[in-house]
Amino acid sequence: MRCAWRKRPEFLREMSWWKNLFSGRPATPVPAEPIPLPPAVIDESAKPGLPPERPLAELQGLIRSFARPAWLPLTVDADHGALASKFGGLGLVSASHPGPVCPGCQQPMPLFVQLNPADLPAEMAPRLQGQLLQLYYCPNECDDGFLPFSSSSVVRLVPPAEPPAAGAVAESLPAKTIVGWRAVADYPHWEEWPTIGLTLTLDEGVRLEQESAEPLLPAHQDKLGGWPHWVQAPDYPACPECHEPMQVLFQLTSEEHLPYMFGDVGTGHISQCARHLPVLAFGWACH
Ligand SMILES: [Zn+2]
Ligand SMILES: [Zn+2]
């Protein structure tokens, strides 16, 4: 499973180790085998004797220039019906979009998330094209459910105007209806800094981590929009139609609003192609 192939130490511990190494402090345990620098901190200016320190405010300004809005869901412990935005509960099913059945175990899949564009912030609603976004997921994970486009998950857009249909439904997870959103500023994961053109030295990364009153990192919570919190490396799925990296639309963590654990406290992402909005995928990774 994706969790097992690579362990990633905490950012602070990793950065501090390198800081100590470069600052020449004695008694720092140095591994016998060379360890490659994390990609975000490969920068020649990290070496001693090169450019003077930039002020903390300048570093914070650099990160803040990449801020994106994210929205944290506000919920109540209830199911407000087939058209509600929610975690768990029962999603809208219709003649054209019956409740999905896992091809592996032949069991109806429970609804994990449903989003109604009428409930979304104006910035995000157009991405659903007037339809309900639904994530169904097989808890048996019959087909490597952590992989985007696995048959263990179904992510789809469903027209809300169609009359609901009766039929086999999965036993639902406890419903939490989304009754509002709290907007927050969200910042890119440090592993994305090099690819988006944010080059900070090793020491600068450590100073931000240690001295900044704000974390200036992606929120590690269930959220709409924003920057993904990557448990492992950044991993945007490629759209099967245009082969471009897809965008993360929604982040789903373990056991926050949904009583479900993705592997070892994993974090999942619903992704969408910016050009082909009906192309959606769900994948997750864990420690
Ligand atoms: Zn299954
Ligand atoms: Zn595409």
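Q: Which residues does Ala84 touch, leaving out those up to four places away in sequence?
A: Ala84 touches Asp79, Asn116 and Thr177. Two residues are in contact if their C-beta atoms, placed from the backbone, lie within 7 Å. This is a predicted model, in which local features need pLDDT of at least 70 and side-chain atom pairs count only at pLDDT 80 or more, while totals for chains, interfaces and linings use all residues. Residues are numbered from 1 along each chain as its sequence is written, and chains are lettered from A and ligands numbered from 1 in the order in which they are written.

Q: Where is Ala84, and is it buried or exposed?
A: Ala84 sits in the loop between S1 and S2. Strands (E, at least two residues) and helices (H or I, at least four) are DSSP runs, numbered from the N terminus. Ala84 is buried because 22 other C-beta atoms lie within 10 Å. The cut-offs are 20 or more other C-beta atoms within 10 Å of its own for buried, 12 or fewer for exposed, and partly exposed in between, with C-beta atoms placed from the backbone.

Q: What about Gln114, buried or exposed?
A: Gln114 is buried, with 26 other C-beta atoms within 10 Å. Gln114 lies in strand S3. Leaving out residues up to four places away in sequence, Gln114 touches Ser85, Lys86, Gly91, Leu132, Leu133 and Gln134.

Q: And how far is Gln114 from Ala82?
A: From C-alpha to C-alpha, Gln114 and Ala82 are 9.2 Å apart in space and 32 residues apart in sequence.

Q: Zooming out, how many helices and strands does the chain have?
A: The chain has three helices and ten strands. Along the sequence the pattern is α-α-β-β-β-β-β-β-α-β-β-β-β.

Q: In what order do the strands sit in the sheet?
A: The ten strands form an open sheet in the order S5-S4-S3-S2-S6-S1-S7-S8-S9-S10, with antiparallel pairing. Two strands pair if DSSP finds at least two bridges between them. The edge strands, S5 and S10, each pair on one side only.

Q: What holds strands together in general?
A: Strands of a sheet pair through backbone hydrogen bonds, either parallel or antiparallel.

Q: How many bridges join S1 to S6?
A: Nine bridges join S1 to S6 (residues 176-186), in the antiparallel sense. The partner of Leu74 in S6 is Gly180.

Q: And S1 to S7?
A: S1 and S7 (residues 223-225) pair antiparallel over two bridges. Here Trp71 has Leu224 in S7 as its bridge partner.

Q: Which residue in S3 stands opposite Phe87?
A: Val113 does. S2 (residues 86-87) and S3 run antiparallel and are joined by two bridges.

Q: Changing topic: what is in the largest nonpolar core?
A: The largest nonpolar core has 39 residues, and those with the most contacts inside it are Phe112, Val113, Leu135, Tyr136, Tyr137, Val155 and Ile270. Such a core is a set of buried Ala, Val, Leu, Ile, Met, Phe, Trp, Tyr and Cys residues joined through C-beta atoms within 7 Å.

Q: Which strand supplies the largest share of this core?
A: S4 does, with five residues.

Q: What does Tyr137 touch?
A: Not counting residues up to four places away in sequence, Tyr137 touches Met109, Phe112, Gly145, Ser152, Ser153 and Phe282. There is also a second, separate core of nine residues, including Leu59, Tyr187, Trp193 and Trp227.

Q: Why is helix H3 described as largely enclosed?
A: Seven of the ten residues of H3 (residues 202-211) are buried, so the rest of the structure largely encloses this helix. Among the buried ones are Leu202, Val206 and Leu208.
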